[in-house]
Amino acid sequence: MIAQVWTITGQPGGQSDEEREWTQRVLDEAVSRDGVEANVVLGDPTTGQELAITFFRDQAALDAFEEFSSQKAAESEERSGGGLELTAHVYTDVMAAESGT
């Protein structure tokens, strides 16, 4: 398993309803792609910071996802009017556990 973590720094105050709907559509579209195992976005409205984490089956899935990921990052930057700072890092050593319930 591989994880790509985007660190997103925006304006404090959290996402509007329209932004949340757009983010959910992007997450749904992303997880439907081959090799994408899961997506999670963590946000702190008091600071405007978010982490967007995507888990991939393997390197080939991450490679295939890169164009989509870059496109959505550019759209997000455009939607914010240039007020976002976006950085991505890939983690190749990922461990996880699932709840039995």
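A residue is called buried when its relative accessible area is under 20%, exposed when that area is over 50%, and partly exposed in between, as found with a 1.4 Å probe on protein chains only. The structure is a predicted model, in which local features need pLDDT of at least 70 and side-chain atom pairs count only at pLDDT 80 or more, whereas totals for chains, interfaces and linings use all residues. Residues are numbered from 1 along each chain as its sequence is written, and side-chain values use heavy atoms, with hydrogens and water left out.

By this criterion T23, with a relative accessibility of 16%, counts as buried. T23 belongs to helix α1, where helices (H or I, at least four residues) and strands (E, at least two) are DSSP runs numbered from the N terminus. When residues up to four places away in sequence are not counted, T23 touches Q15 and V41, contact being defined as heavy atoms within 4.5 Å.

T23 is also among the residues that lie nearest the centre of the largest pocket, together with I8, Q15, E50 and S76, and the lining of this pocket comprises 41 residues. Two or more lining residues come from each of β1 (2–9), α1 (17–31), β2 (36–44), β3 (49–56) and α2 (59–79), and α1 gives the most, with 8 residues. A pocket is here an open set of points on a 1 Å grid over the protein atoms alone, where a 1.4 Å probe fits, with protein on both sides within 12 Å along at least five of seven lines, and lining residues have an atom within 4 Å of a point. The space in the largest pocket is about 970 Å³, a volume being the space filled by probe spheres set on the points.

Helix α2 has 21 residues and spans 29 Å from its first C-alpha to its last, close to the 30 Å expected at 1.5 Å a residue, that is, 1.5 Å times one less than the number of residues. A kink of about 40 degrees is centred on E66 in α2, the bend being the angle between axes fitted to the seven residues ending at a residue and the seven starting there. The buried residues of α2 include A61, F65, K72 and S76, and their cover includes β1, α1, β2, β3 and β4 (85–91).

P45, in the loop between β2 and β3, is partly exposed, with a relative accessible area of 45%. Beyond its neighbours within four places in sequence, P45 is in contact with P12, G13 and G14.
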